[in-house]
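Hello, and thanks for passing this one along.

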Amino acid sequence: MPQDRIPIEAGPGSFAACAGDFGQDGLPDVFIAGDARNRLYHNRAGGGWNYEEVLQWSGEVEYISRGGGIAVQAADVTGDGLQDLFIAYGTRMAPHILFNLGSRCFQHARELDLSEQRGAIEKTDANLVDHAGQGQQAGYLGDFNGDGALDMALVLGNGDVCVFPRKVSPDSPAKGIAVSLSPGAERAGPVAVTVAAERRSLGCWTVPAGGGPVLIGARQAGPVQLQWRWPGGEIQTRRVKVKESVVPVDLGRP
């Protein structure tokens, strides 16, 4: 059976890729970390496989990120509802986190960069930071301590596993929603969910079935609207009131 050629290339060697709506237009873009160089493909409107390579127009990600990425992830690190970018490297590099300023423009999160913040980290953790800078075998962002903020977990080159928690102030707790699709839900996932808050689009988010919740932050308390469509079904809408915490939302339950 003939297949359409998809205008997305990873380059020679190994690579890692993730999808995320970095432009908040409701269409998933694609970031590829390759051995030689990285690529960011903008999903243009119009349907079909209509992608354009735009790394050179996407801020600091073009010259801060390096080749040799082995894991990438789109996730809301800053808690503002936008999808940021995480890159772990198999080469002699510390991982990178790049903040999404909106409209697919990224800024290097220097305050979260292990290599740049080594002097601010406690002396007892200095050796751990040195090992992290030698490259990683795997990496992932997740809320491992349940405070509503994304922490960074790394599998280091020597096999050690470490977690760097994101600090949340007791006076300013994380706010937003934690969207999930329970394993016992009637519908299977993953499902694409568009999110809007404060009359602004937060883009399209992919929620897996039976996995951990997807954290979507909110800059302030107020209503958040979710919209999605089950395969072959009608559009579903749900309105959630965010207060001073992270509100759990299970799409598989009313």
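Leaving aside its neighbours within four places in sequence, which residues is Ile177 in contact with? The answer comes in point 3, after some words on the whole chain.

1. **The chain as a whole.** Please keep in mind that this is a predicted model. Its secondary structure amounts to two helices and 18 strands. The radius of gyration is 18 Å, close to the 18 Å that the globule rule gives for 254 residues, so the chain is as compact as a globular protein of that length. Taken along the principal axes, the box filled by the C-alpha atoms is roughly 55 × 55 × 35 Å.

2. **Burial and contact range.** Of the 254 residues in the chain, 45% are buried. Among contacts in the chain with a separation of 6 or more, 47% are made by residues 24 or more positions apart.

3. **Ile177, the opening question.** Ile177 has its place in strand β12. With sequence neighbours within four places set aside, its contacts are Val195, Val214, Leu215, Ile216, Val224, Leu226, Val240, Val242, Val246, Val247 and Val249. Is Ile177 buried or exposed? Its relative accessible area is 2%, under the 20% cut-off, so Ile177 counts as buried. For a sense of distance, take Val54: Ile177 and Val54 are separated by 123 residues in sequence and by 30 Å in space, C-alpha to C-alpha.

4. **The largest nonpolar core.** This core has 23 residues, and the members that touch the most others are Ile177, Val195, Leu226 and Leu251. Two or more residues each come from β12 (176-180), β13 (191-197), β14 (200-207), β15 (214-217), β16 (222-229), β17 (235-242) and β18 (246-250). Which of the elements gives the most to this core? That is β13, with four residues. There is also a second, separate core of 21 residues, with Ala75, Phe86, Val129 and Ala132 among them.

5. One detail to look up here is Arg229, whose bridge partner in β17 is Ile235.

6. **The three-strand sheet.** Another open sheet has the order β9-β10-β11, and its pairing is antiparallel. Here β9 (136-142) and β11 (161-164) are the edge strands, each with a single partner strand, so one side of each has no neighbour in the sheet. The twist averages 20° from one strand to the next. Antiparallel β9 and β10 (residues 151-156) are joined by six bridges. Within this part, Tyr140 is found opposite Ala153 in β10.

7. **The β1 strand.** In a regular strand, side chains alternate between the two faces of the sheet. For β1, the covered face holds Ala16, Cys18 and Gly20, while the uncovered face holds Phe15, Ala17 and Ala19. β1 pairs with β2 over six bridges in the antiparallel sense. From the covered face, Cys18 has Phe31 as its bridge partner in β2.

8. **Aromatic pairs.** How many aromatic pairs does a search of the whole structure find? The search finds two. Phe22 and Phe106 form an edge-to-face pair, at 5.4 Å centre to centre and with 70° between the planes. Phe22 lies in the loop between β1 (15-20) and β2 (29-34), and Phe106 in strand β8 (residues 106-108), so this pair ties together parts that are 84 residues apart in sequence. Both Phe22 and Phe106 are buried. The other pair, Trp228 with Trp230, is edge-to-face as well, at 6.1 Å centre to centre and with 85° between the planes. Trp228 and Trp230 are both buried.

Key: Residues numbered from 1 in each chain as written. Predicted model: local features only at pLDDT ≥ 70, side-chain atom pairs only at ≥ 80, totals over all residues. Heavy atoms only, no water. Core = buried A, V, L, I, M, F, W, Y, C linked by side-chain atoms within 4.5 Å. Buried < 20%, exposed > 50% of the residue type's maximum accessible area, 1.4 Å probe, protein only. Phe/Tyr/Trp six-rings, centres within 6.5 Å; stacked < 30°, edge-to-face > 60°. Contact = heavy atoms within 4.5 Å. Pairing = 2+ DSSP bridges. Axes fitted to C-alpha atoms, helices over the stretch in contact; angles between N-to-C directions. Rg over C-alpha atoms; globule rule 2.2 N^0.38 Å.
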